[in-house]
Amino acid sequence: MLRPDLPALIAISTPALIVDQIALDANIARMAQIATRCGVKLRPHAKTHKSAFIAGKQLANGAIGIACATLSEAEALAAAGVTGLLITSPIVGADKIARLVRLNRARPLAVVVDHPSHVEVLAAALASGDPLLEILVDVDIGQGRTGVANGQDGVALARMVADQPQLAFRGLQGYAGHIQHIIDGEERQVAAARSAEQLRAVVAGLAAAGLNCPVISGSGTGAHTFDASGPYTEWQVGSYVFMDADYGRIRQADGERLPFAPALFVLATVVSANQPGQITIDAGTKALATNGPPPDCFRGLPDGCSYAFGGDEHGIITLPPGATPPRLGARVLVGATHCDPTVNLHACYHVVDSSGVVTAVPILGRYGAG
């Protein structure tokens, strides 16, 4: 098991992002097995890991491609040789459209649209000799964030895409982000079924209009097992590779946890222990994302500890009654709060393999680059 006192971690300055490669590889293999059993393809989401190293492992385990939340993620992964990219958020702005066209020329990809203006701008930006730009129509299936608001608009937008010689309509995207973290399994299952039904209605509308819909992309780590009955042809699962405090507390319909192990930790150092029953570590809001429940997975500490943010640079860990506090300078591993934005706070991973060897892996396309 990954431990904070491994000799290979001693030289790493804290706070630092650590990946347990044994758990990572097992999580990737397990999701691939689930997808195969369910007859669904995988296009895992890179917004979780932002890593060509991890994307390569997912592709090697049968994924058909990689989903990206931002253009900068897609550019960075494409430059590293990753293929089968889908940008899952609408691209708006002349600068980003120009970058998208350049990227599609170098390595053809797919993007989503949810408004006629998206289609008009993309079609106008592409030259006659450019590769076709593949398009998925984004459908709002309950989150209220992006996507066409109803099936009629979805069919009309798909027809508009199909009529553009430089664009290729490939299908639909429907991501129910609002249900992925519902803790109760039965409640989440009901919500997933409701969202899937909304998406099926759009698929039926496309069929009635004579439009082929080979791709239906969506789902996520929290709902993938409930979405096995369709209509998705591919899953955009992401957080399963790492897990975090939020996904760690949700349950399946049978009450069991999700079948994935924690693989992402922040290595921190004990910097103060003057207060009875607590210690302070050098990992606060600049090392761990704040938009999730507090960390509840620790290595190098007794069971029963709890974490609270103590500011930008500090975290306060309360020890269980009677526990002996670790010494000043001791190292601890703290599980991620929300894994995606926690990753975005760091420049690289320190990946620890089964023999204890550590490899530094860059984190690509961090937020802020567009």
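**Salt bridges, sheet and cores of a predicted model**

Glu-134 is partly exposed, with a relative accessible area of 31%; in these terms buried means under 20%, exposed means over 50% and partly exposed lies in between, for a 1.4 Å probe and protein chains only. The model is predicted, so local features are given at pLDDT of at least 70 and side-chain atom pairs at pLDDT 80 or more, while totals for chains, interfaces and linings use all residues. Residues are numbered from 1 along each chain as its sequence is written, and side-chain values rest on heavy atoms, with hydrogens and water left out.

Glu-134 forms a salt bridge with Arg-170, whose closest N and O atoms are 3.3 Å apart; the term requires a side-chain nitrogen of Lys or Arg within 4 Å of a carboxyl oxygen of Asp or Glu. This pair links distant parts of the chain, with Glu-134 in strand 6 and Arg-170 in strand 7, 36 residues apart. Helices (H or I, at least four residues) and strands (E, at least two) are DSSP runs numbered from the N terminus. Arg-170 is also partly exposed, at 29% relative accessible area.

The structure holds 10 salt bridges. Another of them joins the side chains of Glu-234 and Arg-43, at 2.7 Å from N to O. Here Glu-234 belongs to strand 9 (residues 234–235) and Arg-43 to the loop between strand 2 and helix 2 (52–60), so that distant parts of the chain, 191 residues apart, are linked. Glu-234 counts as buried at 2% relative accessibility, and Arg-43 is buried with a relative accessible area of 13%. A further salt bridge, between Arg-249 and Asp-246, has an N to O distance of 3.1 Å. Its two residues are separated by about one helical turn, because they lie three residues apart in helix 8 (residues 245–249). Arg-249 is partly exposed at 37%, whereas Asp-246, at 10% relative accessibility, counts as buried.

Eight of them form an open sheet in the order 2-9-8-7-6-5-4-3, with parallel pairing. Strand 2 (41–42) and strand 3 (66–68) stand at the edges; each has a single partner strand, so one side of each is left without a neighbour in the sheet. Two strands are said to pair if DSSP finds at least two bridges between them. Within the sheet, strand 7 (residues 167–174) and strand 8 (residues 215–218) pair in the parallel sense over four bridges, and Gly-174 stands opposite Gly-218 in strand 8. Helix 3 packs on the sheet and touches strand 3 and strand 4, its direction making about 165° with that of strand 4. Contact means heavy atoms within 4.5 Å; axes are lines fitted to C-alpha atoms, for helices over the stretch in contact, and angles run from 0 to 180 degrees between N-to-C directions.

Strand 13 (residues 306–309) and strand 14 (residues 315–318) pair in the antiparallel sense, over four bridges. Ser-306 stands opposite Thr-318 in strand 14. Five residues lie between the strands of this hairpin, in which Gly-311 takes a positive phi near 125°.

The 13 residues of helix 4 (residues 94–106) should span 18 Å at 1.5 Å a residue, and the end C-alpha atoms are 19 Å apart, which agrees; the expected span is 1.5 Å times one less than the number of residues. The buried residues of helix 4 are Ile-97, Arg-99, Leu-100, Val-101, Leu-103 and Asn-104. Their cover includes helix 3 (71–79), strand 4 (85–87), strand 5 (110–113), helix 5 (116–125) and strand 6 (133–138).

In soluble globular proteins, nonpolar side chains tend to be buried together. A nonpolar core is a set of buried Ala, Val, Leu, Ile, Met, Phe, Trp, Tyr and Cys residues joined through side-chain atoms within 4.5 Å. The largest such core has 99 residues, of which Phe-242, Ile-281 and Tyr-349 touch the most other members. Helix 1 (residues 21–38) supplies the largest share of this core, six residues. A second, separate core of 11 residues includes Leu-6, Leu-9, Ile-12 and Cys-297.

Finally, Gly-365 lies in the segment after strand 17 (358–362). Gly-365 is buried, with a relative accessible area of 16%. Not counting residues up to four places away in sequence, Gly-365 touches Lys-50, Thr-70, Ser-72, Glu-73 and Ala-76. The C-alpha atoms of Gly-365 and Ser-51 are separated by 8.6 Å, although these residues are 314 residues apart along the chain.
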